[in-house]
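Hi,

Here is the structure I promised to pass on. Have a look at it first, and then read my notes below.

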Amino acid sequence: MTDRELDAAGIDDPYLRVAYARCRRLNARHGRTYFLATRLLPVERRPAVHALYGFARWADDIVDDLDTAATTAERARQLGALQERLADGLRSGRSRDPVIRALAHTATTYRIDHPLFRDFLTAMRSDLTVTDYTTYDDLRRYMHGSAAVIGLQMLPVLGTVVPREVAAPHAAALGVAFQLTNFVRDVGEDLDRGRVYLPADLLAAHGVDRELLEWSRATGTRDSRITAALKAAVALTRGVYRRAAPGIRMLDPVSRPCIRAAFVLYGGILDAVADEGYAVLHRRAVVRRRRRAAVAVDGLVRVAAARTRAAARVPGTPAVTTGVQVREARPGAVREGVA
């Protein structure tokens, strides 16, 4: 966390500044794509995003860290203790845990609904015992807590030019689209953790089961049935992106470049999967650095344009609603598309 970001957000308390800096490091270490996109947000909103994602990364580490010998029971106890500390922190606004302190401050500042954090931790606990999903409906119920709620937590920070409840389904869908993208990209790594997130019915429609995936992972051998199943998973994910896309134009204009960049970069992961022949069981698909740089430059141009228009906004135009303030938006903001 830079001093500029903290100063712009009005975070003066030394302990809070340290807490937010810890969250920023967690987000930077684990989420390269979204961390890059976050740099396109107004400087005063970045600390809140780092708090939200830093907490999510911390909880995810408890569940998925392969560098520890902790048992399932020990991880469950750690998650239970985390939930208790989080509940205390959200209630009191204070905590000895830096990440929880920053998260509680963000939740209060932006009036984020506390049950969203509870639902997230419920999904994290299920990862300790649930190793596959029979149908997409089963997976969607899991993703409500693991992904949709992240989009809903972000919405008050980003701000909207429509009533928040109108934008909420699209924000939730974008969280799901991002996670489905991760599931496609990380099939091999998830197998190493004993999990298969792609729905069993989708796999079975192409003659694929866990045994075939494990054989392919272990031997490095490609199989056309697996490729067909992954193509279907990519098509499913792109459909969720399409449902999420209208929500971008519902955001505060100065927040749109950030979310559009994340939208494009995560969609680019699916492109990389296809370009590399759906070989995700054998190597990790990544968006090339040149593409990431191009998206970042485009985002900076859009940021500059949005700030110029905001500075010239006409009095009496529709209000932008965030968790901390209401201010004016330029005319026609709701009508703008993703591009």
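The notes below cover the salt bridges and one of the helices.

Please keep in mind that this is a predicted model. It holds 23 salt bridges, and I picked out a few for you. Side chains of opposite charge can pair when their charged atoms come close.

Let me begin with E5 and R39, whose side chains meet in a salt bridge at 3.0 Å, N to O. E5 sits in helix 1 (residues 3-8) and R39 in the loop between helix 3 (32-38) and helix 4, so the pair ties together parts that are 34 residues apart in sequence. E5 is buried, at 0% relative accessibility, while R39 is partly exposed at 35%. Both belong to a network of salt bridges that links E5, R24, R39 and R46.

Another pair is D271 with R238, where the closest N and O atoms are 2.8 Å apart. This one links helix 14 (residues 256-275), which holds D271, to helix 13 (residues 224-244), which holds R238; the two residues are 33 apart. D271 is partly exposed, at 37% relative accessible area, and R238 is also partly exposed, at 29%.

R283 and E276 form a salt bridge too, at 3.5 Å, N to O. R283 is partly exposed at 44%, as is E276 at 25%.

Now to helix 7 (residues 115-126): its 12 residues reach 17 Å from first C-alpha to last, close to the expected 16 Å. Its buried residues include L116, F117, F120 and L121. The buried residues of helix 7 pack against helices 4, 5, 6 and 8.

Happy browsing!

Definitions and conventions
Residues are numbered from 1 along each chain as its sequence is written. This is a predicted model: local features need pLDDT of at least 70, side-chain atom pairs count only at pLDDT 80 or more; totals for chains, interfaces and linings use all residues. Side-chain values use heavy atoms; hydrogens and water are left out. Helices (H or I, at least four residues) and strands (E, at least two) are DSSP runs, numbered from the N terminus. The expected span of a helix is 1.5 Å times one less than its number of residues. Buried means under 20% relative accessible area, exposed over 50%, partly exposed in between (1.4 Å probe, protein chains only). Contact means heavy atoms within 4.5 Å. A salt bridge is a side-chain nitrogen of Lys or Arg within 4 Å of a carboxyl oxygen of Asp or Glu.
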